[in-house]
Amino acid sequence: FNKESLKIGGRSQTYTRMWLSSVTLLLIWICGCQPKTYPNKFHDESIRHIATLADLRDTESLLPYLQNPDAILRKEAALAFASVRDTLSLKALWLCLKDSIPGVRAAAAYSIGQIPHLESLHKISEYLVQENDSLTYHQLAESMGKIIGQFHNDTLQAEAINAAIESLLTVKPESLNPNAARARGAFWMNMGGFKPKKICHSLAE
């Protein structure tokens, strides 16, 4: 081998190393750009069972899940009743408004709004005043709006409706964004044909 061939060989090895380095960097970049994947909740057998019971409208079998030690299962069961819409689930859902986990309380609040019942107004009013979790507070306001929108034409319930609205107007910390919650409740009342003047005046101030 002469000196010239050694130089060419050296250049070739250098180019090869540079090429391999470039390919490696490209692969790292591609892998980094791939969207993160998260496990599907339905990989869990218990969650699949809850979904099946909801499809079957099997309230009796779903109810025990609301007291399950696993908060995720309590939350999934509470949400399931939003599609089952069985008034027999309401008492258990009202109890869930006292759950120590905010996500469970919010799920229960949502489902209560999907099962319009006048007695729920009293429960929502009670927990709305003491709730300190923003998501749950807003969900309670929405469910209140849905129920009032459904029953506002019942003149016998005027007192209960007014009391519920007053609870929504209770002073709350700004961290809960109470005006947004009131607007949310008012929206659903309006969707049901009820004009909540007190709330509107409060928002306009």
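Predicted model: local features only at pLDDT ≥ 70, side-chain atom pairs only at ≥ 80, totals over all residues.

Colleague: Okay, and which residues of α7 are buried?

Modeller: Helix α7 spans residues 118–130, and its buried ones are Leu118, Ser120, Leu121, Ile124, Ser125, Tyr127 and Leu128.

Colleague: You mentioned α8. Is Ser143 in there buried or exposed?

Modeller: Ser143 does lie in helix α8. It counts as buried because its relative accessibility is 1%, and the cut-off for buried is under 20%.

Colleague: What does Ser143 touch?

Modeller: Leaving out residues up to four places away in sequence, Ser143 touches Ala109, Tyr110, Gly113 and Ile124. Ile124 is one of the buried residues of α7.

Colleague: Now α8 and α9. At roughly what angle do their axes cross?

Modeller: Roughly 160°, and the axes come within 11 Å; α8 is residues 134–151 and α9 is residues 158–168. Angles over 145 degrees count as roughly antiparallel, so that is what α8 is to α9. The crossing is left-handed.

Colleague: Which residues make that contact?

Modeller: From α8 you have Tyr137, Ala141, Met144, Ile148 and Phe151, and from α9 Ile161, Ala164, Ile165, Ser167 and Leu168. Sorted by class, that's 9 nonpolar, 1 polar and no charged residues.

Colleague: And how do the axes of α8 and α10 cross?

Modeller: At roughly 25°, coming within 7 Å, with α10 being residues 178–191. Under 35 degrees counts as roughly parallel, so α8 and α10 get that label. Their crossing is right-handed.

Colleague: Who's involved there?

Modeller: On the α8 side, the residues include Tyr137, His138, Glu142 and Lys146, and on the α10 side they include Arg182, Arg184, Trp188 and Met189. By class, the contact has 9 nonpolar, 5 polar and 4 charged residues.

Colleague: Switching topic: what about phi at Arg57?

Modeller: Arg57 has a positive phi of about 55°, though it isn't a glycine. Most residues other than glycine have a negative phi.

Colleague: Where does Arg57 lie?

Modeller: In the loop between α2 (45–55) and α3 (59–62). With 45% relative accessibility, Arg57 counts as partly exposed.

Colleague: And what about phi at Asn177?

Modeller: Asn177 isn't a glycine either, and has a positive phi of about 55°. Asn177 sits in the loop between α9 and α10, and at 41% relative accessibility it counts as partly exposed.

Technical notes: Residues numbered from 1 in each chain as written. Heavy atoms only, no water. Axes fitted to C-alpha atoms, helices over the stretch in contact; angles between N-to-C directions. Helix = DSSP H or I, 4+ residues; strand = E, 2+ residues; numbered from the N terminus. Parallel < 35°, antiparallel > 145°, perpendicular 65-115°, else oblique. Left-handed = near helix turned anticlockwise from the far one by under 90°. Contact = heavy atoms within 4.5 Å. Nonpolar A, V, L, I, M, F, W, Y, C, P; charged D, E, K, R; others polar. Buried < 20%, exposed > 50% of the residue type's maximum accessible area, 1.4 Å probe, protein only.
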